[in-house]
Amino acid sequence: MDSENLKPDSNDTRCVFFNTHSEDYRCVVILTVKRATGTVSLAGCLFMLFVIWLLRRYHSLAQMILSLTVAAFFDSVAYVMGESHPEGSLCDFQAWWLTYFDWSALAWVCLITLNLYLNLVREMSTKRFEMLYHVTAWGVPLVMASLPLLKGYYGPAGAWCWITDDHVAWRFGIWYVPLFSLILLMIGCYARIICVANDRMRSWLGTFNPERERRKVSLAEEIKPLKWYPSVYIVVSIFPLINRLHNAMYPQDPSFSLTLLHVLSAPLHGLANAFVFGLDRDWWSLLSPTGMQLALQSRLCDRTRIGEYHPGAVRYTQADLVDLSDDDDDDDTNVLFYSPDMTLKDRGP
């Protein structure tokens, strides 16, 4: 819908995406569905954050999933907050917010795929790339979200504020073309990852290496749920794409059904990530009632503190020395502390 057809003094009482009164049932349905799907997505993100905190998942992949969840959480907040905003600073802020965190969530999904590819296909350690991952996942979205803001292209764009109908090329250049290009690249990466993983699981190198075998099994288990990320991104992005194509062809005649499908799917990135997260059976095995009870006790009741040890003065009495001298034979066989770097030697008779 072309927002310039609305009168400035009626912005607060009109539905800006159907150009009708704000009490039109279509507007009420769209806004209600938008908030509902955003809330469900928000709940999915909170569940993931809670589980990562509860189970103390601090390894590299879990930290990347944590960052993805944070991005999806703030993305969901934008869909829950506010009404249908007219043009203005609040509308521009919502549009920038959505673009930034949509891009950030997509960047983390791509980086998770890249990380698995480097680990399994290239057999590279990626710990040195952690800072680069964060710079990419939070920096590139900043550029992509700020460009339309600097150009003044944000405004009412359907059920929420985004790039307006007057700048269709920017809509597709900033989001939809990169989105589906990256989805296709991820599908290709996962196809290669799965082929290499299957080949290595069937291969026999002659010498059994327990660490290598354990790593192969671990990576295969990681791939199983994560390979669904491109699929769920297609599911939540296909209806928004169709609706934006319809908006481009018929800017004065928005479709209620397509808009409804748009608001049903677009806010669900957080829930989609939680769905992929939940496909990992290892997580669910740890989330049994007994497992959660033990994890909560460990989290809430563990008061262990590690501090520096300061030895005090030790005084021996004559009786202590006599007792020690009587047990010389036993002392030779007692080991009070063992380190893997120590070598225990037989002292002989």
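Which helix does leucine 271 lie in?

Analyst: Leucine 271 sits in helix α9, which covers residues 269-278. Keep in mind that this is a predicted model. Leaving out residues up to four places away in sequence, leucine 271 touches Val40 and Ser41. If you want a distance to check, take valine 232: it is 39 residues from leucine 271 along the chain, and their C-alpha atoms are 9.8 Å apart.

Now over to arginine 171, which is found in helix α5 (residues 168-202). Arginine 171 is buried, with a relative accessible area of 1%. Once residues up to four places away in sequence are set aside, its contacts are Ala157, Trp162, Ile163, Thr164, Asp165, Tyr176, Arg244 and Asn247. Searching the whole structure turns up one salt bridge. Aspartate 165 has 12% relative accessibility, so it counts as buried, being under the 20% cut-off.

Next, the cysteines. There is one disulfide in the structure, and it joins cysteine 91 to cysteine 161, with 2.0 Å between the sulfur atoms. Cysteine 91 belongs to helix α3 (residues 89-120) and cysteine 161 to strand β4 (residues 161-163), so the link ties together parts that lie 70 residues apart in sequence. For your torsion check, the angle about the S-S bond is -115 degrees, and the link of cysteine 91 and cysteine 161 is left-handed. Cysteine 91 and cysteine 161 are both buried. In general terms, a disulfide is a covalent bond between the sulfur atoms of two cysteines.

Two further cysteines are worth a look. Cysteine 45 is buried, with a relative accessible area of 1%. Cysteine 195, on the other hand, is partly exposed at 44% relative accessibility.

How values were computed: Residues numbered from 1 in each chain as written. Predicted model: local features only at pLDDT ≥ 70, side-chain atom pairs only at ≥ 80, totals over all residues. Heavy atoms only, no water. Disulfide = S-S within 2.5 Å. Helix = DSSP H or I, 4+ residues; strand = E, 2+ residues; numbered from the N terminus. Buried < 20%, exposed > 50% of the residue type's maximum accessible area, 1.4 Å probe, protein only. Contact = heavy atoms within 4.5 Å. Salt bridge = Lys/Arg side-chain N within 4 Å of Asp/Glu carboxyl O.
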